[in-house]
Amino acid sequence: MAPIPFYRGISPTLQWPVRFCLYNAAAAYILSIITGNVSQVDRVWTFLPTIYTAYYALLPLWPSKPRLFFWPYVPETVHPDLVQRFSPRALLMFGLVFIWMCRLSYNTYRRGLFNLNDEDYRWAILRKKIPGWLFQVFNLTFIAFTQNVILFLLGLPTEVAAVQQPSKLSTSDYILGTLALIIIAAEFVSDNQQYSFQTYKRTGVHEQNEWPGARIKWTPADAKRGFVTRGLWAWSRHPNFFCEQSFWAIINLFPLVAPESAYLSPRSVTSLWPLLPSLVLCTLFFSSTIFTESISLSKYPEGYRAYQKRVAMFVPFLTPVWGLLLRLQGKKEEVDALVYGQDVTEKKTQ
């Protein structure tokens with residue numbers, strides 16, 4: 001089936017998502033002022049990308065006019081095929097994002113972050129570092145609005161997939177779908193390892209019903225170090241962030257590498273605009289991680305600095321390279337002792 005021609009200007013299928021995004025951003029800011037808690041977007045982060053993705057994947061289900069205030073609708077000006085046929089690729093992407101949502105929601109719930117009184121600890125630290133008026137500007141422009149725009153952008157690859165209207169899934173869809181599931185599983189393991197470590201650090205007790213992959217026998221030395229350096233965290237300082245960015249990059253690639261893609265033109269950089277959502281998300285994660293690590297460095301100056309030298313920030317394949325460079329400098333054993341514990345020379349072979 002031939003892809004539907006793209007609209008010149010703003011597509012009618014963007015009307016409801018854009019309005020929904022703006023309403024959410026305004027609500028997040030107003031609630032942050034009323035409650036004094038700026039983590040309003042954090043509580044809906046797990047749901048909004050799924051809502052946007054579901055909207056595009058399920059276009060034939062929506063009426064032409066909203067039945068309620070927030071009810072999804074598809075304007076009558078859209079191409080008829082969009083409201084008559086489901087796109088198999090868009091449905092696959094929705095299924096993957098739904099699984100992603102379940103993983104993130106579970107992790108958010110068990111950490112207590114759905115609690116209306118909970119606020120990201122980084123915002124409290126930032127409040128102390130900048131004037132109050134500047135923090136409120138940051139709250140309005142970044143926390144409330146920019147983050148909501150990023151979540152809106154994450155749904156756009158599914159719109160492209162819906163417009164492509166493939167009659168069946170292609171080889172690239174099966175390959176990317178498999179990779180996405182592997183990435184979700186790896187992120188789930190990294191979440192569980194972090195949760196297991198933090199539980200042991202707080203209680204000194206090993207939980208009996210840990211998830212597979214998180215059944216690590218933490219030691220008092222691990223707890224004293226203050227941050228997790230075993231399991232996937234021995235290969236990446238932020239394996240969960242690496243997986244998160246990889247997952248959304250894969251979602252962006254679904255329509256880009258599909259046989260129906262109109263974007264693989266070597267003559268124009270702008271033809272790669274479907275990569276924009278993942279690039280924006282990666283920029284957010286990179287800047288956020290730098291701030292997070294500055295906090296960790298202030299709490300564990302010697303140990304975390306050694307961790308930064310030994311383990312890559314995101315990409316695990318770089319960690320053996322860092323180890324080799326330290327060996328050439330004659331510092332590997334010293335750094336390994338700080339990062340992995342006293343028995344690392346016997347157990348660590350990276």
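**Exercise 1.** Are tyrosine 304 and tyrosine 307 buried or exposed?

*Solution.* Keep in mind that this is a predicted model. Start with the cut-off: buried means under 20% relative accessible area. Tyrosine 304 has 4% relative accessibility, so it counts as buried. Tyrosine 307 is buried as well.

**Exercise 2.** Work out how the rings of phenylalanine 227 and tyrosine 304 are arranged.

*Solution.* First, look at the distance: the ring centres are 5.0 Å apart, and rings pair if their centres lie within 6.5 Å. Next, take the angle: the planes stand at 70°, and over 60 counts as edge-to-face, so this pair is edge-to-face. Finally, find the partners in the chain: phenylalanine 227 lies in the loop between α10 and α11, tyrosine 304 lies in helix α13, and they are 77 residues apart. Phenylalanine 227 is buried too, with a relative accessible area of 8%.

**Exercise 3.** Describe the pair that tyrosine 304 forms with tyrosine 307.

*Solution.* The centres are 5.5 Å apart and the planes make 75°, an edge-to-face pair. Now place both in helix α13: they are three residues apart, so about one helical turn separates them.

**Exercise 4.** How many residues of helix α8 are buried, and what covers them?

*Solution.* Go through residues 156-164: nine of the nine are buried, including Leu156, Glu159 and Gln164. Then look around the helix: among the elements covering these residues are α5, α7 and α12.

Key: Residues are numbered from 1 along each chain as its sequence is written. This is a predicted model: local features need pLDDT of at least 70, side-chain atom pairs count only at pLDDT 80 or more; totals for chains, interfaces and linings use all residues. Side-chain values use heavy atoms; hydrogens and water are left out. Buried means under 20% relative accessible area, exposed over 50%, partly exposed in between (1.4 Å probe, protein chains only). Helices (H or I, at least four residues) and strands (E, at least two) are DSSP runs, numbered from the N terminus. Contact means heavy atoms within 4.5 Å. Rings of Phe, Tyr and Trp (its six-membered ring) pair if their centres lie within 6.5 Å; planes under 30 degrees apart count as stacked, over 60 as edge-to-face and the rest as tilted.
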